[in-house]
Amino acid sequence: MAEAKEQGAWEAVIGLETHVQLGTASKIFTAASTSFGDDPNTHIDPVVCGLPGTLPVLNQKVLEYAVKASLALNLQVAEHSKFDRKQYFYPDLPKNYQISQYDQPIAEDGWIEVEVAEKGKETYLKKVGIERLHMEEDAGKLVHAGSDRLAGSTHSLVDYNRAGVALAEIVSKPDLRTGREAAEYASEIRRIMRYLGVSDGNMQEGSLRCDVNISVRRGPDAPFGVKVEIKNMNSFSAIQKAIDFEIARQIKAYEAGEPVVQETRLWDEAKQLTKSMRSKEGASDYRYFPDPDLGPIEVSRAQRESWRAELPELPAAKRHRYAESLGLSIYDARVLTDERSMAEYFEAAVAAGGDPKAVANWVTGDIAAHVNANRLSIAELPLKPEQLAEMVQLIEAGTISGKIAKDLLPELLETGGSVAAIVESRGLGMISDPAAIAAIVAELLAAHPEEVEAFRGGKTKLQGFFVGQLMKRTGGRADPKLANRILSEQLKG
């Protein structure tokens, strides 16, 4: 698969800062709960609020999750790192500083492989560099009242339940060139975090949020242009649309001789455009310094390798294995590996003896449609992987037809059960006796003499009519290949 090339003289340079809420039961520096959706300001304590005399203590599970995420992103985990205070003043920051990591993060210099697929274009693979991953605490949340946004609101309320929730901030290198690449990169980050079990990645709940940094330049050898940040993107669609809009906006400004200023902008979903929020702060504006209440972080080589051994097979590795070892299409491999639970269901069915391609067709087709329509997890299905494998084997053995299987599937998805037992108890086995099928075909031809005459007169498409009648009479149980052969022989006389 060839990598796509940027068209025209202008080239976009894009990097993402992805904030992943780590799925720990308690916050990063305190035992306060991280439960989502509860009443405002019910998951706070003196440490969260930064009251005098309180001391933060690092949650061990946060460190484990951060290291595992770093290893999955091919980052180099530091044996020694530290926490810093990032000073800024905003109503949702109860301490008036955020505990983060500045010059000594937990991990640096990694990469992931991204599969970029877009309708009407060739799919290609892209290696995207990752600058760093660091741990930090989340801020609270402002709720603006009197309007649906800050502008025009009469007052604001602050909820500190989110304050102190553990974040892993993942900073990409400026390797992305299109909105589609950026959206696919963010999607792969979420997919990896879910595979690891370190985050649920629910963007609608703010568990994964992206800030986009974007500039344009005249060709790949030109110096970088002025960087603009778009804050708090919470859907892959919004990421792509905001970047595409911003690329066009910046190019238009440069070509008109207008300046592009370094600033923070917001994506307006209703108007489908970005708009200025504030001038962009630099690192000096935050006045970082080491947090005096938290000691250095040490990750021994033995601990790092112990956590590495617990990593699952990751999505990119699964995609390669499905395509190369199981012979699946790139599309099937991509769909099957999107969620770890679906991949595990597929693999269990194959391990039980189901043909990989046939299993993939059922899982990505009817089963996925049922799961999505009913908002289920595939792991909750009454139809177990072993039962799906049994159904596939019955079709391959010629015991039942694909049509019979499709007719049975809705019931199996609701109740599960042995497919072979259901087929035997209801007499649904495929009719494969040539004499029996020949007798039914003879009856059909005798019952439709005008259609037979028309067929023999050149209207050969009528064979489809007879196939339909045959399947109707046999309840879909006639062996399709055998039935078509016998039907063709008798129709030709």
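Is S81 buried or exposed? S81 is buried, because its relative accessible area is 2%; here buried means under 20% relative accessible area, exposed over 50%, and partly exposed in between, with a 1.4 Å probe and protein chains only. The model is predicted, so local features need pLDDT of at least 70 and side-chain atom pairs count only at pLDDT 80 or more, whereas totals for chains, interfaces and linings use all residues. Residues are numbered from 1 along each chain as its sequence is written, and side-chain values use heavy atoms, leaving out hydrogens and water.

S81 belongs to strand β3 (residues 80-81). Strands (E, at least two residues) and helices (H or I, at least four) are DSSP runs, numbered from the N terminus. The side chain of S81 makes a polar contact with the side chain of Q101, at 3.5 Å. Such a contact is a pair of N or O atoms within 3.5 Å; within protein, one must be able to donate a hydrogen and the other to accept it, and residues adjacent in sequence count only if both atoms are side-chain atoms. Not counting residues up to four places away in sequence, S81 touches Q101, Q104, P105, I106, P296 and I297, where contact means heavy atoms within 4.5 Å.

The next topic is the pairing of strands. Strands of a sheet pair through backbone hydrogen bonds, either parallel or antiparallel. In this model, two strands pair if DSSP finds at least two bridges between them. An open sheet of three strands has the order β5-β4-β15, with antiparallel pairing. Its edge strands, β5 (97-100) and β15 (289-290), each pair on one side only. Strand β4 (residues 84-87) is joined to β15 by two bridges, and D84 has P290 in β15 as its bridge partner.

Strand β13 (residues 263-268) has five of its six residues buried. With strand β12 (residues 228-233), β13 pairs in the parallel sense over two bridges, and E229 stands opposite T264. With strand β14 (residues 273-279), β13 runs antiparallel, joined by six bridges. R265 has S276 in β14 as its bridge partner. Four residues lie between β13 and β14 in this hairpin, and Q272 in the turn has a positive phi of about 55°.

F29 lies in the loop between β1 (10-21) and α1 (46-49), and F83 in the loop between β3 and β4, 54 residues apart.
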